[in-house]
Amino acid sequence: MTNTPTAAPVSPAGAADPSRWLRVHHPRASAAARLVCFPHAGGTANAFTALSAALPEDVELLAVQYPGRQDRRGEPCAQDLSELASGVAQALAGYDDRPLFLLGHSMGALVAFETARLLEERGTVARLFVSAARPPAQDWQEPDLSLVGDEELTAGLRRLGGIPEPLLADPEIAAEILRLLRADHRALLRHRCAPDTRVAAPVTVLLASADPKNSLEQMADWARHTVGGHEVAALSGGHFSLLERPGESAPPLTRRIREDLARPAAAASGAAAASAAPDAEPLADLVRELMMEGLAGRTPRLSTDLTALEAAAGEVMAPEAFAYVSGTAGSGATGRANRTAFDRRRLVPRMLRGTRRTDTSVTLFGQRLPVPVLLAPLAAQQVAHPEGESATARAAAATGVPMVVSTFASRTLEEVAGAAGDHPRWFQLYLPSDRAVGESLVRRAEASGYGAIVVTVDATHLGFRPAELDSGYSPFLRGTGIANFTGDPAFRAGLPADADATQAVLRWAQISTDPTLTWEDLAWLRGLTRLPLLVKGVLHPDDARLALEHGADGVVVSTHGGRQLDGGVSSLDALPAVRAAAGADVPVLMDSGVRTGSDVVKALALGADAVLYGRPYVYGLGLDGQRGVEHVLRCLLTDLGLALALTGCASLADVGPHLLANGDRR
């Protein structure tokens, strides 16, 4: 291999000899951010030449050159990964003039992780990207390459890809590759990381679809190594997809870098506006952000039309998964009625009310929430995206929207709580026929920091849903959406010691819901927990009264998204009577049919304290994972803030029936 670098060393003033460690393939003096790339075992800075060329002009790539190779061949290879991290961290000391993003491929991901830990003492890491790499605390199950012969090792490299055949066919070059690979693997095998070691920066895992060394399940534990949020971005190709397909790899990297850059910029813009006018608060940061992006020729990845997401998701989700999420009961009459109820009501705005600032916060059960919106408990979200509810929980926390987690989630309530961190969350309960399992679920929710129990009462029998029936698809019978049961000690106690997955699914089907429920069972549940208790699925005012008589602290007016009773009354139409029956001091929420910020205002005007927001965020999840959910929620909250301002409301206290045209106030 040549000892001459193809990229020039870089040496900013004041840095501790960065020219030994960093190479820039395509200098971009006006770049808004730098992406520091760490190569794989046996790799060099040249591995990132093509990716550097594929990045846009506003991102400059700095490639790390490890000792012992190319122009550093005269130096000994590093004995451990912390030695590499320390050298790179010192070399980057002069690069704090613009945001730094770190990207590590395979072994380089661990070096990048350790480097991020060192750099965060100075607070200079915007995001960590990791490619083709298991989490730091996992056993990578790598063999000792000193015990593997040259022919066997070369054959393994051919299977894995990443090295052009002419290089492997050249004896001298192949020998150099094997020398470096063995040296780097010795350092890799020495590396140790405690399970609770974390970085503050968010982590994006780049996972190639055909990587023989890594799987989504293996990547999940990266979430344990960051307090800044974790997401997975899919790439096509194999283990070296990041390097072999730069045209495909650059766009997701660039998009995420620009999104991260835009948020601080928007915050700075808001701070400047506040300093100029102390009582002003930006209502449309997202609008300004997207318009500025438009000036640069960039448009949003997903539509900002929240009513268009269903059709877009239908194009990318598996047909049976989309049918499960979007389907309604029978002819779909209730589903249509939910939307019609919103569409036929009209807002009458008031002018010149001084709404430079709007307060969207609401107090529920003594807790101040930033917005009158919670994510509805949609089950089995892994059918939309591999990360399921974990991705949703991180997006909810990032946007300030509390989440209601379903009993039938595809991740355990403990896993979702871990993803949500300190962000408010509630637990939705389908009360099982096995009361020991029901009590266990409640105790687990209490122990995991859930702030309320939302018991659903309108699905003791499954609705007649043609879209699901025609496809013969149930995620639950395929093992998705029953994690809270298979992970529950009381549920497992009812299984034989040698039970397999099929037996677990059959037991779930037998006990997961209870068609014999009565109001007395609600009283039993009330005596079980001191958490606030809401009853979800109420449409008749008498049922609201019965719920309160039997211990409920609040009610949720809901048609289950039109998925249960065909031809039923819409939630919005039922809301005023339920509010009247519950009284002014009882929290009343509603769901079903909510799509836009104006819809939220209409629900609040008719008596809701807050709404549960359902399908649109799952469509966002299916379209773009955590980022898709964040996009949907940012759009909704921006629309809500503007709808309040444009109707003349400075806070939720200003919202009432007077905002609706005379005939629409019931």
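Mentor: The pLDDT is the predictor's confidence in each residue, from 0 to 100. This is a predicted model, in which local features need pLDDT of at least 70 and side-chain atom pairs count only at pLDDT 80 or more, while totals for chains, interfaces and linings use all residues. Residues are numbered from 1 along each chain as its sequence is written, and side-chain values use heavy atoms, with hydrogens and water left out. The protein chain has a mean pLDDT of 88, and 93% of its residues reach 70 or more. Residues 1–6 have pLDDT below 50, with 13 contacts beyond near neighbours in sequence.

Now to your salt bridges. Each is a side-chain nitrogen of Lys or Arg within 4 Å of a carboxyl oxygen of Asp or Glu, and the count comes to 39. Look for Arg127 and Glu231, whose side chains pair at 3.6 Å, N to O. Arg127 belongs to strand E6 (residues 125–131) and Glu231 to strand E8 (residues 230–235), so this bridge ties together parts 104 residues apart in sequence. Helices (H or I, at least four residues) and strands (E, at least two) are DSSP runs, numbered from the N terminus. Arg127 is buried at 6% relative accessibility, and Glu231 is buried at 4%. Buried means under 20% relative accessible area, exposed over 50%, and partly exposed in between, with a 1.4 Å probe and protein chains only.

Next, find Arg435 and Asp514, which pair at 3.2 Å, N to O. Arg435 lies in helix H16 (residues 435–447), while Asp514 sits in the loop between helix H20 (501–511) and helix H21 (519–526), so the bridge ties together parts 79 residues apart in sequence. Asp514, at 7% relative accessibility, is buried.

Finally, return to Arg127 and Glu231: salt bridges with shared partners join them with Arg256, Glu259 and Asp260 into one network.

Key: Contact = heavy atoms within 4.5 Å.
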